[in-house]
Amino acid sequence: MFADRLEAWAPERWPVGEGWEDVIHDFLHSHEGRALAVFMRQRLAAGAVIYPPTPFHALELTPLAKVRAVVLGQDPYHGPGQAHGLAFSVQPGVKVPPSLRNIFKELGVTRANGSLVDWAQRGILLLNASLTVEEGQASSHARKGWEALTDALLKKVAATASPCVYLLWGAHAQAKAELIRSTAVQHAREALILEANHPSPLSASRPPVPFLGCGHFVRAREWLAQRGVQGVF
């Protein structure tokens with residue numbers, strides 16, 4: 001049985017893939033990083049149940065040099081046993097959440113489980129804007145400091161990875177579009193930014209850009225193939 005919650009605030013012991021170390025180091029020693037550390041230790045000491053057990057898992061599975069796509073979520077799932085550090089992904093054996101079912105529907109696949117570890121290993125960075133959450137409380141760790149780190153990670157990708165597709169679903173993710181676009185332009189990197197509604201059943205079929213039928217996976221696959229990159233999606 002896998003651990004399903006964070007046991008201690010110990011980011012220096014959480015493994016990350018090559019290329020992320022300097023961003024993590026700078027964040028942990030920044031004002032925002034120190035403030036987040038205080039907050040996390042206080043919540044853990046108060047007995048809060050915090051997910052996931054491995055907040056840096058996306059960075060561990062997808063080294064910077066391998067990134068060819070970014071899927072940006074808001075924060076981890078807040079139910080027991082769901083979150084494991086990859087945006088939208090759940091462990092094998094866990095019921096596939098509705099948003100992920102819609103992602104598979106748009107992709108045109110049927111999967112036995114909701115684990116996206118294979119995506120991460122193929123170069124898709126599955127990043128949430130906030131990397132932790134408390135049980136039953138969506139967005140409970142928003143605006144506590146994580147956004148400074150994830151913005152820095154997105155800037156690192158946009159300045160380095162080329163070509164790279166950015167899948168921004170929902171207003172929260174789309175708010176990062178200009179950060180990504182301006183950084184990619186500044187560093188002369190090839191970036192395709194695709195925006196649509198969030199895949200949640202509440203918004204997946206609604207205007208202005210319904211997620212279902214958006215064609216993002218087809219467009220991403222074709223754009224990458226034109227640049228010699230195969231097998232990501």
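With which residue does glutamate 134 form a salt bridge? The partner is arginine 43, and the closest N and O atoms of the two are 2.8 Å apart. A salt bridge here is a side-chain nitrogen of Lys or Arg within 4 Å of a carboxyl oxygen of Asp or Glu. The pair links distant parts of the chain, since glutamate 134 belongs to strand S4 (residues 133-134) and arginine 43 to helix H2 (residues 31-45), 91 residues apart. Helices (H or I, at least four residues) and strands (E, at least two) are DSSP runs, numbered from the N terminus. In total, the structure holds 9 salt bridges.

The model is predicted, with local features needing pLDDT of at least 70 and side-chain atom pairs counting only at pLDDT 80 or more, while totals for chains, interfaces and linings use all residues. Residues are numbered from 1 along each chain as its sequence is written, and side-chain values use heavy atoms, leaving out hydrogens and water.

Helix H1 (residues 21-28) packs with helix H6 (residues 146-160) at an angle of about 150 degrees, their axes 10 Å apart. Axes are lines fitted to C-alpha atoms, for helices over the stretch in contact, and angles run from 0 to 180 degrees between N-to-C directions. H1 and H6 are therefore roughly antiparallel, a label for angles over 145 degrees. From H1, Asp22, Val23, Ile24 and Phe27 meet Ala148, Leu149, Ala152, Leu153 and Lys156 of H6, where contact means heavy atoms within 4.5 Å.

UniProt, in an unreviewed entry, lists residues 60-224 as "domain: Uracil-DNA glycosylase-like". Such annotations may be inferred rather than shown by experiment. The span is 33% helix and 15% strand, and its end C-alpha atoms lie 23 Å apart.

Key: Angles under 35 degrees count as roughly parallel, over 145 as roughly antiparallel, 65 to 115 as roughly perpendicular and the rest as oblique.
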